[in-house]
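Visitor: Could you walk me through this structure? I would like to learn how to read its main features.

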Amino acid sequence: MDIAEKEKQFQDKIDSGQKIEAKEWVPENYRKQLIRMISQHAHSEIVGMLPEGNWITRAPSLRRKAVLLAKIQDEAGHGLYLYSAAETLGVERGELIDQLITGKAKYSSIFNYPTLTWADIGAIGWLVDGAAIVNQTMLARGSYGPYSRAMVRICKEESFHNRQGYELLYDLAQGTPEQKAMAQDALNRWWWPSIQMLGPSDADSKNSGETMRWRIKVESNDTVRQRFIDRTVPQAEAAGLTIPDPDLKFNEETGHWEIGEIDWTEFYQVIKGYGPCNKKRLRARQEAEHEGEWVREAAKVYAEKQAAKKTKAA
Ligand code: BYC
């Protein structure tokens, strides 16, 4: 079968809604797009642990600390499923980690912002996990089996993350004037980066043509963003918080909330490496890689010894 015929059969399979599984023939660019997206997603989970980890020792109660610890552990788990999903496409995890620590690979823009107060932990759960869930429930319908199935479990865990974040911020917003001001300040700082996190507007999204044709993404960045906005604005109102956008208005005809202009210059600066915490995040991952080297070495030697013992016994 020639390549054009193979590509046609592949596209027919995608168009009929069937999943593509590991080791099946896929066009080279499908493989590349998936490795790019899944590895960026995995890196985001791992880097995302850093701003939250910043507050573990300062959580205001045992209950909040236990919840935060559980959430951060979940993020590590998500990273692991995702690196495994990427490996089904024939790439080594070490290669992907190398791309992260050398700054070649992207990870989500959102994690280049600092967590300045305890309320930021609530804002991450409510807004960042909220945006992630809306995106990832869409990705769970995607064409690549191992990635879409990882999304199912991840989304269940993200729902808990989202609720704990909203509960935390809601409680602060009903507290003392200082607590309410802290919650509002967190919303002010995290709202626009959360909106940007869902990717460039459709007109500027260079990968969407391919990723949507192959149903890696089944909806566009702007569609997902609008769904996130529509679900989040009423939640802010219920908590007595104000979305920091003077142009925000509800369109009765379309049934959607319309927002003001997004600052794409800020977004592109952050993804180019010039956000407030890019250097710090990268340094933390480089140090972790360096400090963990002896563990990896020891595990390798142990595995080799066990394998040699087995061969001898056989
Ligand atoms: N940040 O053509 P486009 C979490 C890049 S973690 C950085 O529209 P695409 C959590 C994009 O990569 C959840 N870069 O791309 C963890 C591309 O550059 P390259 C993270 C971004 O792929 C811990 C260029 O801009 N979720 O929830 O069609 C604690 C043009 O974009 C960003 C995922 O990773 C960004 N925000 O669509 C708490 C989901 N946006 O690669 C919570 C998986 C865009 O060509 N990824 N870029 O050099 C996706 O769904 C898609 O990749 C995107 C972008 C919707 C993000």
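Predicted model: local features only at pLDDT ≥ 70, side-chain atom pairs only at ≥ 80, totals over all residues.

Visitor: Let us begin with the ligand. Which residues come nearest to the ligand?

Guide: There are 35 residues around the ligand, and those that come nearest are Lys 106, Ser 109, Ser 205, Lys 206 and Lys 217.

Visitor: What is the distance between an oxygen atom of the ligand and the side chain of Lys 106?

Guide: An N or O atom in the Lys 106 side chain is 2.5 Å from a ligand oxygen. Ser 205 also takes part through its side chain, with a polar atom 2.6 Å from an oxygen atom of the ligand. For Asn 207 the atom belongs to the backbone: an N or O atom there lies 2.8 Å from a ligand oxygen.

Visitor: And how much of the ligand's area does the protein bury?

Guide: The ligand taken alone exposes 1,000 Å², and the protein buries 93% of that. The ligand takes up the space of the largest pocket.

Visitor: Which elements give two or more residues to the shell around the ligand?

Guide: They are helix 2 (28-53), helix 3 (62-87), helix 5 (119-139), helix 6 (145-173) and helix 10 (264-274). Helix 2 gives the most, with eight residues.

Visitor: On to the cysteines. How many disulfides are there?

Guide: The test is a pair of cysteine sulfur atoms within 2.5 Å, and by this rule the count is zero.

Visitor: Is Cys 155 buried or exposed?

Guide: Under 20% relative accessible area means buried. Cys 155 has 9%, so Cys 155 is buried. Cys 277, with 7%, is therefore buried too.

Visitor: Where is Lys 23?

Guide: Lys 23 is in the loop between helix 1 (3-15) and helix 2. With a relative accessible area of 84%, Lys 23 counts as exposed, because the cut-off for exposed is over 50%.

Visitor: What is the phi of Arg 215?

Guide: Arg 215, also not a glycine, has a positive phi of about 55 degrees. Arg 215 is found in the loop between helix 8 (208-213) and helix 9 (221-239). Its relative accessibility is 32%, so Arg 215 counts as partly exposed.

Technical notes:
Residues numbered from 1 in each chain as written. Heavy atoms only, no water. Buried < 20%, exposed > 50% of the residue type's maximum accessible area, 1.4 Å probe, protein only. Near = heavy atom within 4 Å. Polar contact = N/O pair within 3.5 Å; in protein donor to acceptor, adjacent residues only side chain to side chain. Areas by Shrake-Rupley, 256 points an atom, 1.4 Å probe, with all protein chains shown as cover. 1 Å grid on protein atoms, 1.4 Å probe; cavity = no way out; pocket = protein on both sides within 12 Å on 5 of 7 lines; lining within 4 Å. Sits in = over half its atoms within 2 Å of the grid points. Helix = DSSP H or I, 4+ residues; strand = E, 2+ residues; numbered from the N terminus.
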